[in-house]
Amino acid sequence: MEDVVVTVTAPVNIAVIKYWGKRDEKLHLPLNGSLSGTLNQKDLKTITTLTGSKSFSEDEIWLNGKKEDVNIARIQNCLKEIRSRAGKRLDTQGAEIDWSQYRVKIVSINNFPTAAGLASSASGYAALVFGLSQLYSVSGDVTGIARLGSGSACRSLYGGWVKWNMGSDPAGSDSIAVQTDDEKHWPEMRVLVCVVNDKKKETSSSDGMQNSVRTSKLLKTRAESVVEPRLKTMEQAIHDRDFQTFGDLTMKDSDDFHAVCADTTPPIYYLNDTSRFIIDLIHRYNKTAGKIQAAYTFDAGPNAVIYLEDKYVPEVLAMLSHFFPPSADRSEDFIKDATLRSESEKLREKVVGSLNASNEPRPDGLKYILCTSLGPGPQVLGKEDALPSPN
């Protein structure tokens, strides 16, 4: 009895034009299009091993060592769609596999906090769907299937810069993700992931979206007249590597998104005092520079993501290290790259002195900062990288 095993990884993506709200809950069709950067998997990724076997009596899914409910609609929708498109696969004896006799065990881990506003559902469902497509030999676009698991997961199926088209077909056939530029297009681009809180958020994205769709007038305006023109401008800014336009739109769209959350009944407040302080610092930093050199964005959580070009990374790290100093026993974990840590320390006095900020430092306001870049989409790993199967 032959098992079929596939192990894959999938990346996190961070939207610069946000997705918030569905026009169809079942098909996960968005109220507007969105655009994101795919982060390098050396820092943030989901690893998933999928085993297909005749010996399994039922499908199973395990996340970070805990067995989860495989029968939830999102997972079942992905499994159903993939199985309906299963391709031909031969076993080691050359016989065609009869997929109807196979069940699948899915084992998945994140190398970052789950459900803390770091796009874990995007990388998780992207890994699930990409892995299933490899296991079942599915050809063609599968971003529409990933969308059924988690809307933004469709954007994690490509590297670089990715747009999720809103589409117009009520059945969702054209609501898919496309790569607009690859990860090598803007080589100077860097991303700082500032982890404010790695705990599970109080209001899930799904619940928050549903409440916003029902109650927020701002969301209606945003979806009908703001986002689509903004998407076109953002796509061009990225293509032209125009950071002034890119940074301005990134921050405006983040602010708009959180304004919609506050306009929801009951109000949703994903940002905390540390988040708002980071916003203030980035604006001060840009004002001092006389141009936009760094751009913040916040998804549905308090963690800040800062897009900037590589030449400004040491300055921004110097600023953040000063105002959010780590305790002595965590200094090496706060910024893991020793070279960047050293460069930022040398610049701290100069950068902080130029800001004219009277705010007192907030020790341990940030847990750590990841400095990463854009990266490729999902990857297939070797047999030696398979995750162990839970008992």
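Modeller: Let's start with E235 and K163, which form a salt bridge, their closest N and O atoms being 3.1 Å apart. The two sit in distant parts of the chain, 72 residues apart: E235 in helix α5 (residues 217-240) and K163 in strand β10 (residues 161-164). Keep in mind that this is a predicted model.

Biologist: What makes the contact of E235 with K163 a salt bridge?

Modeller: The cut-off asks for a side-chain nitrogen of Lys or Arg within 4 Å of a carboxyl oxygen of Asp or Glu. For E235 and K163 the closest N and O atoms are 3.1 Å apart, so the pair meets the definition.

Biologist: Which other salt bridge links distant parts of the chain?

Modeller: Look at D299 and K18, with closest N and O atoms 2.5 Å apart. D299 lies in the loop between β13 (294-298) and β14 (304-309), while K18 lies in the loop between β2 (13-17) and β3 (22-24), and 281 residues separate them. Both D299 and K18 are buried.

Biologist: What about D280 and R284: why are they about one helical turn apart?

Modeller: They are four residues apart in helix α7 (residues 273-289), which means a separation of about one helical turn. D280 and R284 also form a salt bridge, at 3.0 Å between the closest N and O atoms. D280 is partly exposed because its relative accessibility is 29%, and R284 is partly exposed too, with 27%.

Biologist: How many salt bridges does the structure hold?

Modeller: There are 15. R222, R230, D253 and D256 are joined in a network of them.

Biologist: How do you know that the length of helix α6 agrees with its number of residues?

Modeller: Helix α6 (residues 243-262) has 20 residues, so at 1.5 Å a residue it should span 28 Å; its end C-alpha atoms are 28 Å apart, which agrees. At the start of α6, a side-chain oxygen of D242 comes within 3.3 Å of the backbone nitrogen of Q244.

Biologist: Which residues of α6 are buried?

Modeller: Among them are F243, F246, L249, D253, F257 and C261.

Methods
Residues numbered from 1 in each chain as written. Predicted model: local features only at pLDDT ≥ 70, side-chain atom pairs only at ≥ 80, totals over all residues. Heavy atoms only, no water. Expected span 1.5 Å × (residues − 1). Buried < 20%, exposed > 50% of the residue type's maximum accessible area, 1.4 Å probe, protein only. Polar contact = N/O pair within 3.5 Å; in protein donor to acceptor, adjacent residues only side chain to side chain.
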